Amino acid sequence: MNNIDALKELLYKMADDQLIIGHRNSEWNGLGPILEEDIAFSSMAQDKMGQSEHLYNLLNQLGEADADTVAFTRNAPQFHCSHLVELPIGGYDFSLIRHFLFDFAEYLRFEALKTSAYQPLAQVAKKFFGEVKYHTMHANTWVYQLGHGNEESNGKMQESLNFAWDYALGMFEPGPAEEMLINENIFIGEEALQAKWLEVVIPLLEKSNLVIPEKSSWAPIYGGRTGNHTAHLQPLLSEMTEVYSIDPSADW
Amino acid sequence: MNITPAFIRNELKQVKDPEIPTISIVDLGIVTGIEIGEHNTVHVTLTPTFAGCPALRMMEDMVKEHLGKIENLGEITVKTSFETTWTTDLISDEGHAAIKQHGLAPPMRNCAHISMEILEATSCPYCDSNDTKMKSPFGPTLCRSLHYCNNCKQAFEGFKPV
């Protein structure tokens, strides 16, 4: 694998994570428990979709097809997203916990990429970092409030955290060229990112009255980065590409 | 006629943000480059406010359309680039006044280390009271947050500092 392929692999998994979580976030449009939350998830969906488009544009500059083609014409095995983002929205407790675990990882990923030796990526990372900061603030506010709410809200959040934890660890599935990306100062690597993430999320979750699953039981769920997905991804893609499939030239 | 970047910049003051029509794209701080080439060709560079902002392409078209009306200009090209990272600190003082005129709280300056506590202190654009409460960091557009003023009992929106 040469360094361009390594870079593409990195960009694809980031862009695909953004696109798929963006679609999942948009599913709360009209269904949020309160109006402000409906707006929040829809806004975050818009941010994620926008960010994914810019990452697909970087891939386009490296010789891949244009953003729409890449986003709308691939099947599930060609996607590089993690299983965490594919899972259905579930209850609001699960969506909030996923949002928390995912967005702190994104935040730290973009923070690290701000100094990437690959300038076009460093430039967009600076932009995305400022945006995702709001996503982490939103996530932490709600996780804290519901963690401290009452027995029922704490119980629901804990149950969702227990369920989501191994999927979240799966976000950090090592790529095929970690060392190359690290040596060329393009990216700090998944292992280092996961270590930073644990340092940030564990104290915040504990402050929210939630218990981190016992370390000896951690079993990261890998596979998404290499195209092995849950059964939930293909139906999502079919729904997302419905209009495009009917008329690829549709515009509005 | 000698076309200068300053002339073009001045012209672009007439191009307004489609979502906040009181502020020009120049005062918003998104015009990051103006180059004049041979035969008065004009190349304008814009930087996105938010990566997912749907107004971006519209603003590119508005720039082209406005400059297209000026006589003696050559080909006009508009490009979006992340080379200059947009932050709300790029909004001019005039821009702050325009945002307030539209009924939005202008963003606080120097907010590199933004937190929920900082956002809570947004002052009301109607009565200038600091006794306000943030309802949500997300509003009807990506650049806005939702607040409530305890003093004049008015809900208002703020331009989010980024």
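**View 1. Confidence along chain B.** Within chain B of this predicted model, confidence is lowest in helix α5 (residues 116–120), with a mean of 78, and highest in β2(B), at 97. The score in question is pLDDT, the predictor's confidence in each residue, from 0 to 100. Chain B has an average pLDDT of 92, and 98% of its residues score at least 70. Where pLDDT is low, the predicted coordinates should not be read in detail. The scores for the model are ipTM 0.85 and pTM 0.93. Residues are numbered from 1 along each chain as its sequence is written, while chains are lettered from A and ligands numbered from 1 in the order in which they are written. Local features need pLDDT of at least 70 and side-chain atom pairs count only at pLDDT 80 or more, whereas totals for chains, interfaces and linings use all residues.

**View 2. The fold of chain B.** Five helices and seven strands form the secondary structure of chain B; helices (H or I, at least four residues) and strands (E, at least two) are DSSP runs, numbered from the N terminus. Their order along the sequence is α-α-β-β-α-β-α-β-α-β-β-β. The C-alpha trace of chain B spans about 55 × 25 × 25 Å along its principal axes. Of the 162 residues in chain B, 38% are buried, a term for residues with 20 or more other C-beta atoms within 10 Å of their own; exposed residues have 12 or fewer, partly exposed ones lie in between, and C-beta atoms are placed from the backbone.

**View 3. The loop between β1 and β2 of chain B.** His39(B) lies in the loop between β1 (31–36) and β2 (42–46) of chain B, and Asn40(B) also has its place in the loop between β1 and β2. Most residues other than glycine have a negative phi. His39(B), although not a glycine, has a positive phi of about 55 degrees, and Asn40(B), likewise a residue other than glycine, has a positive phi near 55 degrees. His39(B) counts as exposed because it has 10 C-beta neighbours inside 10 Å. Asn40(B) is partly exposed, with 16 other C-beta atoms within 10 Å.

**View 4. The side of chain B that touches chain A.** Here 19 residues of chain B are in contact with 22 residues of chain A, contact requiring C-beta atoms, placed from the backbone, to lie within 7 Å. The chain B side divides into twelve nonpolar, five polar and two charged residues. Nonpolar covers Ala, Val, Leu, Ile, Met, Phe, Trp, Tyr, Cys and Pro, charged covers Asp, Glu, Lys and Arg, and the others, Gly among them, count as polar.

Key: Contact = placed C-beta atoms within 7 Å.
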